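Take a walk through this protein with the model open beside you.

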Amino acid sequence: MRDRELPDEQGYFGPWGGKFVPETLMSALAELERAYAEACADASFWQEFDSLCHHYIGRPTPLYFARRLSERIGGAQIILKREDLAHTGAHKINNALGQGLLARRMGKRRIVAETGAGQHGVATATVCALLEMECIVYMGVEDIHRQQMNVFRMKLLGAEVRPVSSGSRTLKDAINEAIRDWVTNVRTTHYLLGSVVGPHPYPMMVRDFQSIIGREAREQMLATYQRLPDYIVACVGGGSNAMGIFYPFLNDHGVKLIGVEAYHSASLTVGEPGVLHGTRSYLLQDKHGQVSSTHSIAPGLDYPGVGPEHSYLKDSGRAEYVAVTDDQALEGFQMLCETEGIIPALEPSHAIYYAALLAKGLPREKVIVMNLSGRGDKDLEIVAGAMGVR
Ligand SMILES: *Cc1c(COP(=O)(O)O)cnc(C)c1O
């Protein structure tokens, strides 16, 4: 992670990324950039990160051969990277921990965060409890109604959840409020952003923290199978779990990288270049440049933008992006439950569906690694509703 080539000094991945923010935010971003550069050069920072990844999060997460799933499909072999087994049940904790440690190093004991469905809010509240920090999570009123259990979880963990009733009262409005709070209280406060989006240095920093997923997967493949996979498949909302598993394989050109979006929030598959939340990337917008409203059965994929590095990987052809519908994701969800006894989150269920489709058309000696970004406990109500179960 410390021998990166991109982004450049200004935070660009080719034409993507950058810092499209008001003047008032520039000094806060510059301070963050400096602090992160210093942390990157400090071995003790990474030692503490690695140690808590191991003892607190439970890393390394296993690389698990899904034998029955692969047999049922009858094509390529599918191996799962088990981020669902990380503490709090998803990959988001990796980034929350990294930024929490960075904030402490910067002397900031007040954390603000945005959350959509609540997963990033829960991860942030968890790390704030661990590191003894004040935690304020902005959440759209609509999302608060839909995700009461996660609101309760955050409160149990000591966070304050602040309702946001502007705009569409969902994730993108919560991000705006979190940024506003950060600008106002920047001396004491760190903004703990939850994916590889936003202005530089966030896309780089979040990628670096999440790339522990890909580094482990690469080592585990070599140690267990003495080879690298032919494909890596991961779901893409903002793009952090995908970027995390892709990044350490970028120079392994025999490994094909595939990102799976939700059909009605497929920024990379059908979006156009635009600026949202301080970064230039592919974006879902109408012909007047207004950001579109999105929908996905998977709360974590419901974001109209995507991390700028994915836009770069798409343009360069290094990664490929596809879209999967709600019904197909539910099919992926059930397939994994039945064959492996693993209840996946709805976000990676999109990747499961696509990995199965891909596997079916490939010979048996090919290997697909699928990033199982989270477990499904949080989604049972949604799945029951979709299945007509009361
Ligand atoms: C939030 C979330 C996602 C989507 O976010 P990315 O930044 O694209 O990884 C995917 N899977 C799970 C389990 C999530 O909680």
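A residue is called buried under 20% relative accessible area, exposed over 50% and partly exposed in between, with a 1.4 Å probe and protein chains only. Helices (H or I, at least four residues) and strands (E, at least two) are DSSP runs, numbered from the N terminus. This is a predicted model: local features need pLDDT of at least 70, side-chain atom pairs count only at pLDDT 80 or more, and totals for chains, interfaces and linings use all residues. Residues are numbered from 1 along each chain as its sequence is written, and side-chain values use heavy atoms, with hydrogens and water left out.

Start with strand S5, residues 110-115. Arg110, Val112 and Glu114 point one way from S5. Ile111, Ala113 and Thr115 point the other way. Both sets are buried.

Next, find the neighbours of S5. Two strands pair if DSSP finds at least two bridges between them. S5 pairs with strand S6, residues 134-140, in the parallel sense, over 6 bridges. In that pairing, Ile111 stands opposite Cys135 of S6. Follow the chain from S5 and you pass through helix H5, residues 119-131, before you reach S6. This β-α-β crossover is right-handed. The term has a simple test: with the strands pointing away from the viewer, the path from the first strand over the helix to the second runs clockwise.

S5 also pairs with strand S8, residues 189-191. These two run parallel and are joined by 3 bridges. Val112 has Tyr191 as its bridge partner in S8.

Stay in S8 and pick out Thr189. Why is Thr189 called buried? Its relative accessible area is 0%. Its side chain reaches the backbone oxygen of Asn185 at 3.0 Å. Such a polar contact is a pair of N or O atoms within 3.5 Å; within protein, one must be able to donate a hydrogen and the other to accept it, and residues adjacent in sequence count only if both atoms are side-chain atoms. Contact in general means heavy atoms within 4.5 Å. Leaving aside residues up to four places away in sequence, Thr189 touches Lys108, Arg110, Val112, Asp181 and Trp182. Arg110 and Val112 belong to S5.

Move on to strand S9, residues 231-235, and find Ala234 there. Ala234 counts as buried because its relative accessibility is 0%. Its contacts beyond four places in sequence include Asn241, Ile245, Phe246, Val260 and Asn371. Ile245 is 11 residues from Ala234 along the chain, and their C-alpha atoms are separated by 7.9 Å.

Now the rings. A pair of aromatic rings is described by the distance of the centres and the angle of the planes. Rings of Phe, Tyr and Trp (its six-membered ring) pair if their centres lie within 6.5 Å; planes under 30 degrees apart count as stacked, over 60 as edge-to-face and the rest as tilted. By this rule there are 10 aromatic pairs. In one of them, Phe45 and Trp46 have centres 5.1 Å apart and planes at 90 degrees, so the pair is edge-to-face. Both Phe45 and Trp46 are buried.

A charge sits over a ring if NZ of Lys or CZ of Arg is within 6 Å of the ring centre and within 35 degrees of the ring normal. The charged end of Arg207 sits over the ring of Tyr247, 4.0 Å from its centre. Arg280 does this over Trp16, at 4.9 Å.

End with the backbone. Most residues other than glycine have a negative phi, and most peptide bonds are trans. The bond from Leu6 to Pro7 is cis, with omega near 5 degrees. Another cis bond joins His200 and Pro201, with omega about 10 degrees. Pro201 is in the loop between S8 and helix H9.

Gln226 has a positive phi, near 55 degrees. Is Gln226 buried or exposed? At 61% relative accessibility, Gln226 counts as exposed. His277 also has a positive phi, about 50 degrees, but at 12% His277 counts as buried.
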